[in-house]
Each structure stands twice: as structure tokens, then as C-alpha cells.
Amino acid sequence: MPVHILDAMTREGFEEVVALHDRRSGLRAFLALHQTERGPAFGGIRRFRYGSEKSALLDCLRLSVAMSWKVALAGIAGGGGKAVVLDHPTLHLEQAYRHLGRCVERLGGRFYTGPDVGTGDRELAWVAAETRFAARPGPGRAGDLAGATMIGAFAGVRAALTRLDGAPDWPRRTIVIQGLGEVGSRLAQRLVEQGARVIATEVDERRAAAVAERLGIELAEPGSEYDLSCDVFAPCAMGGVLHDLTIRRLACRCVVGAANNILARSHHGDLLHERGILYVPDFVVNVGSVMRGAAYHLQGRAVPDAEIEERIGALVEEVLQRALSDGRPPALVAAEEAARRLRDGRRRTIKA
Ligand code: NAI
Ligand code: PHE
């Protein structure tokens, strides 16, 4: 089926979608600005081997909307956007990221970018060499971005366990993490430090072995994570992992993870609710790096770890409390609240 891009933009309220091509570096990318009425659109750069141009574009659009939701819920003065780069074997990485950086600069501050899958410190340094509008990790700059994301995920796990059992009771808990990348490996470490049992899956065997040896965690076969009996399943790899088939297999009590767009479709939040599995929406917990990037960009302020943990923990508790008292799925409650804030923000901007 073709994508009717203007129809999709009208339906979801997108402002701008840009297609980028650079012959020299082989860059092929999309950049979407969902919302900039309340401030810059915040969004990372995802580099991935997409199966098709269409799947890259759809990913870009969906990720941008999720960014608007998380930014609105966290009370950040901004909106959502995303850039996705179609990775391929002859892509010249440094030139491609520098080209992208120049495109971001030309947007004049309407888009402020940061990390995502395939874009870490090295790639962000290339982008930041060409634009003022990129969060660079490190002391004296935005700080530890993936670390901030991990803190949010950890706060979400803690709030979910507290809601279920009255306290996290770490030494008696088993957490299954999918993906031991920048965020997943940090989350594993934090949980191990608390005394929890961690089992992880990771498709990159070398990375899996290295992290498992360093932290002393258990590894399981990728794909088997859905069947593992545990307290928490924490997806920290790609989106779309929870759908009809995987939700049926889940043997956990709750799902809390950092991956963007964990649910394949929004109704999968209802399915989790029907199965009695507590789902803490990704766009509520994984806003830590944006909190840090936004505070640095908008206020020149470094956000301490404790503040991120406190703010995201409180946000999760609020969503879970409201979901419980309404008897409705947390994903629905959070999505409605995000949409309401976006609408109110728009109304205020139009009045002003
Ligand atoms: P990353 O690329 O460093 O790590 C992802 C890891 O997942 C990789 O090691 C990859 O090999 C592994 N993986 C991929 N597919 C897998 C599968 N099917 N099973 C098991 N492992 C698999 O990415 P990062 O930065 O850790 O991000 C993880 C997720 O969190 C992504 O969805 C990202 O969009 C989201 N996120 C990241 C933020 C950040 O600050 N880095 C901020 C907010 C969200
Ligand atoms: N990668 C972050 C996310 O998905 C986005 C981000 C943008 C982080 C700008 C920092 C600065 O939430």
C-alpha cells in the first residue's frame, strides 16, 4: 500500500516532513517535525537497515508523534520530531552525519536532535560539528544522555513494582531485559546493584558476552524473552515488539522499558490490560535524555540524576494511579493526557 504522506500529516497534525539525499555520502534520510508550536521539536537520529523506504518513513512519523507525547507529558517547552537514516553498506558515516547536521542547522532551531539507535557519542559529535542544535553528551555539556534514559526506565520499574507489591523488594525480583545497548546495559547494571536477578537477550553476541561477563548477569536466547517467567519484562531494543503473538506468550507481571513504541499498535495496550499485565507506557518513562537535552539547550542547566528519577517516578505514579482509579489501561490514560496537553498547548499558542 502506498503512503499518502499529506493525508498522514493532516491526520496526525504534522508540520513538516523532509526527505534528504546526499550523493557524496550516500545519505538517504527522513526528518519529521510533528510539533514546534510550544518550542523546538526534540528528536533523536535513528540509523537502521530498514527493509524499505516506506518502513523508514512510517517509523520516522510514529517516532515523531511519540516524541511529542513524551515532551508534552514531561512538561517540556517543546514538541516532537525525529530523523531516520536508511543505513546501507556504502554509507559514509562521518560525511552523512555532517550533512545531516547542516540540514538541522538550516532548520534554525526548530529541531533539536540527540541520540537514538545507531547514533551514539561518535555520531553526535559529527552532527554537533555542523550545528548548534544537537545534544552532545559529556560533562560541561548535556551530560550522560543514555544514563538519563536508564534512570527513567529504572524509576518506572520501581514504581510498577511498588504498585504491584507495595515495595520493589529487589532481591526477590527477576527482570528480563531485551537489548543490552547503551540503555539496556546501564539498566542491567543498576538492577544488579540493587540485588535483582537480571536475565538478558541481545542479538549482538559479542556485546552480550561482554556485558554478561562484566555484570555477572544471565543470558537467554533472543526471541525467548517473551516466554521467560519474571516480574518485569523490560524492552530496551527496537519498537513494535509487543503484538498479538508476543503478548499471548508473555510470562511477566509487568512491562516497563526504554524502547520507543514498544506496542505495535495502540490497542495492544488494551490486550496487556486484559491479560492482567501492568504496562507502563514507554513515552512516560523514556524521557530522561530529552529532559537533560532540553534543560541544557533551553536553560543551560545540567539536570542531576536524582531530579530525573524523581520527576519520572512521580509521572509514572500519577499515570498508574489514574489508570487504577478509572479501571483503564495506563497506555490509554497516558495517551489521552498527552493528546489533551498537545491540544491545550496549540489552543494557547493560537490565542497568543
Ligand atoms: P542501542 O542501539 O545502543 O541498543 C539497542 C540494542 O538492542 C543493541 O545492542 C541491539 O543489538 C539490540 N537488539 C536489537 N534487536 C534486538 C532483539 N530483537 N533482541 C535483543 N536485542 C536486540 O540503542 P539504545 O540507545 O540503547 O536505545 C534502546 C531503545 O531505547 C531504542 O528503542 C531507543 O529508541 C530507545 N531510547 C533511547 C534513548 C537514548 O537515550 N539512547 C532515549 C529514549 C529512547
Ligand atoms: N533519543 C531521545 C528520545 O528518543 C531524543 C533526544 C532528543 C534526546 C534530543 C536528547 C536530545 O527520547
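I'll take the two ligand shells in turn. Keep in mind that this is a predicted model.

Ligand 1 first. It is surrounded by 25 residues. The closest are T149, E202, R207, A237 and N260. Look at the polar contacts. A polar side-chain atom of R207 sits 2.3 Å from an oxygen atom of the ligand. E202 also reaches a ligand 1 oxygen with a polar side-chain atom, at 2.4 Å. V203 uses its backbone instead: a polar atom there is 3.5 Å from a nitrogen of ligand 1. On its own, ligand 1 exposes 830 Å², and the protein buries 86% of that. Two elements give two or more residues to this shell, α5 (145-165) and α6 (182-194). The largest share, three residues, is from α5. By class, the count is ten nonpolar, nine polar and six charged.

So where does ligand 1 lie relative to domain 1 and domain 2? Between them, because domain 1 (5-68 + 77-134) and domain 2 (146-288 + 313-338) both contribute shell residues.

Now ligand 2. Here 15 residues form the surroundings, with K70, K82, P115, N260 and S289 the closest. K70 places a polar side-chain atom 2.6 Å from a ligand oxygen. For K82, the corresponding distance to an oxygen of ligand 2 is 3.2 Å. P115 brings a backbone N or O atom to 2.3 Å from a ligand nitrogen. β3, α2, β5 and α11 each give two or more residues, and β5 gives the most, with three. The classes are five nonpolar, seven polar and three charged.

Notes: Residues numbered from 1 in each chain as written. Chains lettered and ligands numbered in written order. Predicted model: local features only at pLDDT ≥ 70, side-chain atom pairs only at ≥ 80, totals over all residues. Heavy atoms only, no water. Near = heavy atom within 4 Å. Polar contact = N/O pair within 3.5 Å; in protein donor to acceptor, adjacent residues only side chain to side chain. Helix = DSSP H or I, 4+ residues; strand = E, 2+ residues; numbered from the N terminus. Nonpolar A, V, L, I, M, F, W, Y, C, P; charged D, E, K, R; others polar. Areas by Shrake-Rupley, 256 points an atom, 1.4 Å probe, with all protein chains shown as cover. Domains from an automatic or database assignment.
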